Amino acid sequence: MSGQEALTEQELAFLRSMFDLARAGDTARLAEAVDAGIPVNLTNGAGDTLLILAAYHRHPDAVEALLERGADTGRINDRGQTALGAAVFRRSERIVRLLLAAGADPALGPRSALDVARHFDLPEMLALLEPVLGAHTR
């Protein structure tokens, strides 16, 4: 062993509960936990971060709070999806705008936000994504 102790079942359950807070959009408790030391980029066994889950479940206030605390917009889950791709899929204009303002790349990942918008024929989402493409390809 590398000198690190394994987490207890109680500690693991607490960490798993953070993902439930992200899914539920419990912004206050999620922000409090991150402020208290829970990693803002905490990732579950499927590669989902708190940010990806908050974006997918349409919780813009939680997304904003996580971004303010340094959440990485470039994380890709095990299915090749990003928080931006999740927000595009769910057609959440506010979250898409928040993520783009935080520097999210519309072309990132095997199932990029652009791919999602094109595949599901979401012209309103493409209209949000395409203007920022130049900034990410320079």
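**Helix packing, core and pocket in a predicted model**

The buried residues of helix 4 pack against helix 2, helix 3 and helix 6; helices here are DSSP runs of H or I with at least four residues, numbered from the N terminus, and contact means heavy atoms within 4.5 Å. The model is predicted, with pLDDT of at least 70 needed for local features and 80 or more for side-chain atom pairs, while totals for chains, interfaces and linings use all residues. Residues are numbered from 1 along each chain as its sequence is written, and side-chain values use heavy atoms, with hydrogens and water left out.

Which residues of helix 4 are buried? They are Pro 60, Ala 62, Val 63, Ala 65, Leu 66 and Leu 67, where buried means under 20% relative accessible area, exposed over 50% and partly exposed in between (1.4 Å probe, protein chains only). Just after helix 4, Gly 70 has a positive phi of about 95°.

The largest nonpolar core contains 42 residues, and Val 88 and Leu 99 have the most contacts inside it. Such a core is a set of buried Ala, Val, Leu, Ile, Met, Phe, Trp, Tyr and Cys residues joined through side-chain atoms within 4.5 Å. Two or more residues of this core come from each of helix 1 (9-24), helix 2 (27-35), helix 3, helix 4 (60-68), helix 5, helix 6 (93-101), helix 7 and helix 8 (123-137). Helix 3 gives the largest share, six residues. Beyond its neighbours within four places in sequence, Val 88 is in contact with Val 96, Ala 113, Val 116, Ala 117, Leu 122, Met 125 and Leu 129.

Met 18, in helix 1, counts as buried because its relative accessibility is 3%. Leaving out residues up to four places away in sequence, Met 18 touches Leu 30, Ala 33, Ile 38, Leu 42 and Leu 50. Thr 82 sits in the loop between helix 4 and helix 5 and is likewise buried, with a relative accessible area of 1%. With residues up to four places away set aside, Thr 82 touches Ile 52, Thr 73, Arg 75, Ile 76 and Leu 108.

Phe 120 lies in the loop between helix 7 and helix 8. Is this residue, Phe 120, buried or partly exposed? At 40% relative accessibility, Phe 120 counts as partly exposed. Apart from neighbours within four places in sequence, its contacts are Phe 89 and Arg 91. Phe 120 and Phe 89 are 31 residues apart in sequence, with their C-alpha atoms 7.9 Å apart in space.

Helix 3 (50-56), helix 5 (83-89) and helix 7 (113-119) each supply at least two lining residues.

Residues 46-78 are 48% helix and 0% strand, with end C-alpha atoms 6 Å apart. Residues 79-111 are 48% helix and 0% strand, and their end C-alpha atoms lie 8 Å apart.
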